[in-house]
Amino acid sequence: TTSTLGADEQKSEKDAAFDLLDALTRSGALPVEHASLHVIIAATHCFDESVMNTLVEKSVNPIERVERSTLIMAATLQGLPAIALVQDNQVDRLQQYSPSLLLEN
């Protein structure tokens, strides 16, 4: 099932998470050393046609679209221009189908 949390529910869940952290650390008396926070972001891509029809009938490479949106997300999260996240030997290829994405501004 899928559900969406409203502002009040989000605040309640956040408070519950902090209450758990507070209880686990005995209100900060126990240090949390060598801990890391992992954030997972999921994205889906919808195409008007099947992948094969997108490739054959529309002559569109769906991997390019997925790669573009992944670069947009990574650049936003990292606070860097997309070109800084791309290997030098891939810039020309990406420049062909998404030139505005690789602008350094």
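This is a predicted model: local features need pLDDT of at least 70, side-chain atom pairs count only at pLDDT 80 or more; totals for chains, interfaces and linings use all residues.
How many salt bridges does the structure hold? It holds two.

1. Lys11 pairs with Asp15 in a salt bridge. Their closest N and O atoms are 2.9 Å apart. Both residues belong to helix α1, which covers residues 7–24. They sit four residues apart, about one turn of the helix. An α-helix has 3.6 residues a turn, so residues three or four places apart point the same way. Asp15 has 30% relative accessibility and counts as partly exposed.

2. **The bridge between helices.** Arg93 forms a salt bridge with Glu67. Here the closest N and O atoms are 3.0 Å apart. Arg93 lies in helix α4 and Glu67 in helix α3, so this pair ties together parts that are 26 residues apart in sequence. Side chains of opposite charge can pair when their charged atoms come close. Arg93 is partly exposed, at 35% relative accessible area. Glu67 is also partly exposed, at 24%. Buried would require under 20%.

3. **Helix α3.** Pro62, Leu71 and Ala75 are buried in α3. What covers the buried residues of α3 includes α2 (51–56) and α4.

4. **The nonpolar core.** Which residues make up the largest nonpolar core? There are eight: Leu71, Ala75, Ala82, Val86, Val91, Leu94, Leu101 and Leu102. Two of the buried α3 residues, Leu71 and Ala75, are core members. Ala82 is worth a look in the viewer. Leaving out residues up to four places away in sequence, Ala82 touches Leu71, Ala75, Leu101 and Leu102.

5. **The surface patch.** Which residues form a nonpolar patch on the surface? They are Leu37, Val39, Ile41, Met73 and Leu77. Together they have about 540 Å² of accessible area. Met73 lies in helix α3. Its relative accessible area is 31%, so Met73 is partly exposed. Patch residues need over 30% relative accessible area.

Notes. Residues are numbered from 1 along each chain as its sequence is written. Side-chain values use heavy atoms; hydrogens and water are left out. A nonpolar core is a set of buried Ala, Val, Leu, Ile, Met, Phe, Trp, Tyr and Cys residues joined through side-chain atoms within 4.5 Å. Buried means under 20% relative accessible area, exposed over 50%, partly exposed in between (1.4 Å probe, protein chains only). Contact means heavy atoms within 4.5 Å. A salt bridge is a side-chain nitrogen of Lys or Arg within 4 Å of a carboxyl oxygen of Asp or Glu. Patches are made of residues with over 30% relative accessible area and no salt bridge: like charges are joined within 9 Å, nonpolar side chains (Val, Leu, Ile, Met, Phe, Trp, Tyr) within 5 Å. Accessible areas come from the Shrake-Rupley method with a 1.4 Å probe; for residues, only the protein chains shown count as cover.
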